[in-house]
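Welcome! Take a moment to look over the sequence and the 3D structure before reading on.

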Amino acid sequence: MNDKPVMETGQKFPLTIKRLGINGEGIGFFKRNVVFVAGALPGEEITAQITTVKRNFAEARIVKMRKPSPHRQTPPCPVYEACGGCQLQHLKYDQQLVEKRDLVVQALERYLKGVDVKIEKTIGMEDPWYYRNKSQFQTRLKGSKVIAGLFAEGSHQLLDIEQCIVQHPDTTVITNSVKRILEELRIPIYDGKTMQGVIRTIVVRTGIETGEIQLVLVTTRSKIPKKELLLEKLKDLDVNLVSIVQNINTEKTSLIFGEETVTLFGKDTIHEKLGELAFDLSARAFFQLNPKQTVKLYDEIKRAAELTGTEKVVDAYCGVGTIGLWLADGAGELRGMDTIHDSVVDAKANAKRQGVKAKYVTGTAEKWLEVWSNENFVPDVLTVDPPRTGLADSLLKTILKVKPKRFVYTSCNPSTLAKDLQQLTKIYRIEYIQPVDMFPQTAQVESVTKLVLK
């Protein structure tokens with residue numbers, strides 16, 4: 001029997017916001033019901049009005065601000081409300097770091113009741129703006145004007161973003177110039193409804209440490225009208241523009257990239273550095289979006305791994321090998337695996353370039369840990385950086401069986417982390433959790449958990 005009072009759409013009531021939710025919304029409680037309020041901050045007293053009622057919660061909007069948070073600020077971005085790309089620009093940065101740590105605390109309270117865990121203060125950025133090294137802006141035609149940007153939250157309305165204050169300025173300048181050139185040459189722009197047109201997306205990535213820039217035009221077909229003329233104009237945009245690439249995506253899909261990539265000018269890749277390590281990045285290669293913070297994150301992984309030069313290290317979900325290579329100088333032996341074959345090829349090439357002897361294989365972490373364990377290879381240190389869904393159940397079971405001495409869990413989702421820790425604490429002790437802010441102005445928080453075999 002559900003004895004909670006029924007709430008209804010349109011209902012108004014006073015509400016005190018207790019904490020922040022994982023999407024950056026305020027959370028309050030009305031007669032034991034959970035109420036999510038977009039744009040509300042912890043400590044605020046508001047008049048809320050219900051917009052949607054679900055089985056276990058309701059969503060509401062702020063009708064009146066009765067007592068604002070002392071940490072509230074005016075968002076500096078003009079399209080902040082409509083865009084939805086950032087969720088916390090209305091919260092001062094030092095307080096964003098406090099709330100992000102609290103998201104980790106909340107998740108652990110839900111899954112690890114009564115376990116005392118040391119959670120450090122969030123490591124932030126000195127300058128939390130203009131940090132993203134890659135932009136992917138969809139294009140459309142508005143009258144005769146070419147616009148590019150992101151879709152307004154929950155809509156098919158494309159926002160023309162001329163200036164994004166979390167993007168590296170180089171990406172903005174190039175994107176805006178490309179729009180003007182496409183407009184001037186009247187090159188057909190993709191129409192999401194009719195599927196006509198050629199240019200779908202403008203992707204720009206810049207090497208924050210090297211200054212090299214890559215431009216990718218995602219097109220609906222291989223033939224680009226006025227291609228030679230277009231290339232002449234694009235080449236002159238910036239001396240650092242060393243790679244112009246075309247990616248062909250013929251599908252009706254929200255995925256940015258298709259399978260086929262052609263280099264139109266310059267190199268296939270751009271060069272980027274992370275600390276002492278160098279990487280060549282192709283158009284579709286995954287690379288951390290905030291390299292400055294990545295160095296801090298990887299240093300935290302290294303601190304937790306506590307390497308002395310002799311350890312067998314396994315980098316699961318290795319991607320192009322970045323984390324393993326960061327640890328390599330302290331490891332006795334390095335191995336890694338990933339389910340994406342192309343990433344493994346890149347990881348091998350990256351290891352070779354850095355002069356690191358490492359073994360990379362394609363397949364799941366659980367499969368290889370099992371195989372290696374049967375060959376008497378058990379990692380002293382296992383490091384994982386899984387997707388938002390956390391670790392696969394089969395991998396958790398394998399870890400509990402293989403029992404690496406130390407386990408460093410890098411997570412981008414506090415709730416799946418907490419859920420996985422519930423299993424892992426059967427044989428591991430949590431030394432500490434270190435939150436790191438990789439995406440300032442958003443509600444996302446990364447963390448590094450150090451686990452030691454009991």
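Which residues of helix 4 (residues 227-235) are buried? They are Leu230, Leu231 and Leu234, where buried means under 20% relative accessible area, exposed over 50%, and partly exposed in between (1.4 Å probe, protein chains only). Please keep in mind that this is a predicted model, in which local features need pLDDT of at least 70, side-chain atom pairs count only at pLDDT 80 or more, and totals for chains, interfaces and linings use all residues. Residues are numbered from 1 along each chain as its sequence is written, and side-chain values use heavy atoms, with hydrogens and water left out.

**Helix 4**
- Helices (H or I, at least four residues) and strands (E, at least two) are DSSP runs, numbered from the N terminus.
- Seen down the axis of helix 4, the buried residues fall within an arc of 100 degrees, so they line one face of the helix; the arc is that of the directions from the helix axis to the C-beta atoms.
- These buried residues pack against helix 3 (169-184), strand 10 (213-219), strand 11 (241-248) and strand 12 (260-266), with contact meaning heavy atoms within 4.5 Å.

**Helices 9 and 10**
- The axes of helix 9 (residues 393-402) and helix 10 (residues 414-424) come within 10 Å and cross at roughly 35 degrees. Axes are lines fitted to C-alpha atoms, for helices over the stretch in contact, and angles run from 0 to 180 degrees between N-to-C directions.
- Helix 9 contributes Leu396, Ile399 and Leu400 to the contact, while helix 10 contributes Asp420, Gln423 and Leu424.

**Cys412**
- In UniProt, an unreviewed entry annotates Cys412 as "active site"; such annotations may be inferred rather than shown by experiment, and positions are given in the numbering used here, with feature names shortened.
- You can find Cys412 in the loop between strand 19 (406-411) and helix 10.
- Cys412 is buried, with a relative accessible area of 12%.
- Not counting residues up to four places away in sequence, Cys412 touches Pro386, Pro387, Arg388, Gln444, Val445 and Glu446.

**Leu97**
- Leu97 sits in helix 2 (residues 93-111) and is buried, with a relative accessible area of 15%.
- Leu97 and Gly124 are 27 residues apart in sequence and 6.6 Å apart in space, C-alpha to C-alpha.
- Leu97 touches Thr122, Gly124 and Asp437, again leaving out residues up to four places away in sequence.

**Residues 6-64**
- The unreviewed UniProt entry annotates residues 6-64 as "domain: TRAM".
- This span is 0% helix and 61% strand, and its end C-alpha atoms lie 23 Å apart.
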